[in-house]
Amino acid sequence: MREPTFLILAALADQPRHGYGIIQEVAALSANRVTMLPGTLYTALDRLAAQGLVVRDREEIADGRLRRYYRLTSGGLAVLDVETARLRSLATAAERKLRTARPRPA
Amino acid sequence: MSRMRGTLARRYRRLLLCYPRQYRRAHGEEIVTTFLDLAPSDRTRPTVREAANLVRHGLRCRLGRPNSRSVVLWAALTAIVWGLFTGAFATRLAWETARPLPTNAEATQLFSGMLGQDVTGKVGVDPALFVIYGQPLGMRNLHLLFSPDAGEYQQGLAGVSLNGPSNVDHHDLLNSTRAWLRVHGWRVSDVVIRNSVECTSCDESTLPKQALFAARRGDDVLNLEISLGNLQPPPPKPGLTTYDQTYASIDLTRANPSTVYPFGAAGVLLGTAFGWFTFGWASRRTDGRAPLLRAVTKVLFGVAIFLWCAPIALAFPATLTHHLNEPHPSWHPMWEWLGQPALAALFVAGTGAALLALAASALPRRSEPATDMRSTT
């Protein structure tokens with residue numbers, strides 16, 4: 001799974017969000033390292049919807065603008081869970097290696 | 001403020017035209033809304049990054065491969081190459097509307113007038129507007145187009161050469177010829193002086209020179225070379241009394257007929273569309289197929305693109321340099337800029353590889369997937 005896909009799933013983990021909300025949350029989760037544009041976001045959302053990981057939640061009109069909210073499906077939550085565990089395991093292994101390479105001063 | 005937002009929204013919607021209509025109906029408004037949410041209040045037009053983002057994803061969507069990162073690049077390359085080659089082929093068709101070369105008698109009269117001397121018996125006229133080894137292209141010599149001699153396919157010409165010792169000063173001949181041409185309504189280019197022989201280690205001032213210039217009247221194009229060397233050069237070998245050192249030569253060819261431009265433009269458009277849609281079709285056909293089939297089509301397509309682009313990469317800079325270094329009242333035919341037919345064998349081999357890739361793409365699927373479960377490419 002690519003990092004932007006993981007971040008989109010993570011952004012939707014706690015609550016449904018519309019496009020702008022997802023982009024903001026992705027930026028926050030990545031400490032502004034990943035700035036997604038709408039063309040990229042909606043292509044990714046289409047793909048995730050086709051894979052059954054994301055689904056439309058509801059639509060709202062705010063200030064004359066269409067807000068379409070998306071949420072994770074149970075399958076999406078499961079995939080995010082697995083991917084998070086995989087990344088955590090990798091990070092733990094890498095930390096172990098780093099501790100070996102740079103032992104704490106006595 | 002709201003008028004500025006309206007203008008910005010209109011510009012985003014214009015960029016959304018890169019997407020297919022069905023996609024715009026489904027997602028257009030929410031994409032524009034998200035862009036507007038992201039934009040600072042004083043922005044009036046999309047940034048370059050935003051425009052590129054919409055164009056890239058829109059074209060991917062139009063090609064039916066929204067998740068492919070490279071499909072637009074390869075489709076565009078195929079479209080450009082096919083546009084150029086189809087355009088070149090169309091210009092060759094347009095050349096069929098050009099006026100034939102003058103008869104030998106007409107050319108003799110013209111050359112005698114401009115050179116101020118009778119050139120009867122010295123004039124040669126090719127039998128067609130394009131010839132290979134002096135002969136029109138036909139079934140008998142078609143095989144030459146796919147041989148190393150394919151570069152001999154060139155514009156036919158009416159020509160004359162003056163040889164041997166001359167009684168006329170070459171500078172006078174140059175000036176009188178140019179004056180005659182101007183008086184008779186020809187548009188005459190500036191003179192380019194260059195060395196008659198290549199010699200990198202020689203003293204430049206001692207090398208014999210020749211003058212080159214071109215002239216055009218209607219669809220007649222003249223290329224003239226007049227030697228500025230010794231009027232009575234010594235024979236190349238002691239004891240020889242005759243020798244064939246040329247001191248003046250004139251070629252008359254036809255200029256591009258005006259039909260070349262609409263034909264070329266139509267050919268480029270048709271070829272571009274053909275390349276774009278054919279690549280898109282093949283790409284969709286191979287998406288999600290067996291890894292072996294995808295690998296085979298990718299390799300075949302890569303070979304095709306290389307064999308199509310190599311002649312262009314070789315010929316275009318060389319033709320451009322030649323074009324800039326000598327007077328050219330008329331452009332060289334479009335196919336020469338693409339290395340055709342000198343490197344036609346490469347083009348044919350590339351087309352063969354592309355046809356094999358298309359045939360592999362057309363193989364029937366074992367079963368159609370019920371839903372789109374493509375992974376990110």
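1. By class, the lining of the second largest pocket in this predicted model comprises twelve nonpolar, 13 polar and six charged residues. The space in this pocket amounts to about 710 Å³. Its lining counts 31 residues, and those closest to the centre are Phe279(B), Ala282(B), Ser283(B), Thr286(B) and Phe301(B).

2. Which elements give two or more residues to the lining of the second largest pocket? They are helix H4 (71-94), helix H7 (260-286), H8 and helix H10 (344-361), all of chain B. H7(B) provides the largest share of this lining, with seven residues.

3. The largest pocket holds about 860 Å³ of space. It is lined by 34 residues, of which Asn223(B), His322(B), His328(B), His332(B) and Glu336(B) are the closest to its centre. By class, this lining divides into 16 nonpolar, 13 polar and five charged residues.

4. Several elements of chain B each contribute at least two residues to the lining of the largest pocket. They are strand S4 (153-155), strand S8 (209-217), strand S9 (220-227), strand S10 (246-254) and helix H8 (291-325).

5. Attention now turns to charged pairs. Side chains of opposite charge can pair when their charged atoms come close. Over all chains, the count of salt bridges comes to 20.

6. Which side chain meets that of Arg68(A) in a salt bridge? The partner is Glu30(B), with an N to O distance of 2.6 Å. Arg68(A) lies in strand S2 (residues 65-72) of chain A and Glu30(B) in helix H2 (residues 21-38) of chain B, so this pair joins two chains. Are the two partners buried or exposed? Arg68(A) has 8% relative accessibility and therefore counts as buried; Glu30(B), at 1%, is likewise buried.

7. Within chain B, Arg254(B) and Asp219(B) form a salt bridge in which the closest N and O atoms are 3.8 Å apart. This pair links distant parts of the chain, the two residues being 35 residues apart. Arg254(B) is located in strand S10 of chain B, whereas Asp219(B) sits in the loop between S8 and S9 of chain B. Arg254(B) counts as buried because its relative accessibility is 3%, while Asp219(B), with a relative accessible area of 24%, is partly exposed.

8. In chain A, the side chains of Arg58(A) and Asp57(A) meet in a salt bridge at 2.9 Å, N to O. Arg58(A) counts as partly exposed at 36% relative accessibility, and Asp57(A) is also partly exposed, at 31%. These two residues belong to a network of salt bridges that links Asp57(A), Arg58(A), Glu60(A) and Arg71(A).

Methods:
Residues are numbered from 1 along each chain as its sequence is written. Chains are lettered from A and ligands numbered from 1 in the order in which they are written. This is a predicted model: local features need pLDDT of at least 70, side-chain atom pairs count only at pLDDT 80 or more; totals for chains, interfaces and linings use all residues. Side-chain values use heavy atoms; hydrogens and water are left out. On a 1 Å grid over the protein atoms alone, a cavity is a set of points where a 1.4 Å probe fits but cannot get out, and a pocket is an open set with protein on both sides within 12 Å along at least five of seven lines; lining residues have an atom within 4 Å of a point. Grid points are joined across faces, edges and corners, and a volume is the space filled by probe spheres set on the points. Helices (H or I, at least four residues) and strands (E, at least two) are DSSP runs, numbered from the N terminus. Ala, Val, Leu, Ile, Met, Phe, Trp, Tyr, Cys and Pro count as nonpolar, Asp, Glu, Lys and Arg as charged, and the others, Gly among them, as polar. A salt bridge is a side-chain nitrogen of Lys or Arg within 4 Å of a carboxyl oxygen of Asp or Glu. Buried means under 20% relative accessible area, exposed over 50%, partly exposed in between (1.4 Å probe, protein chains only).
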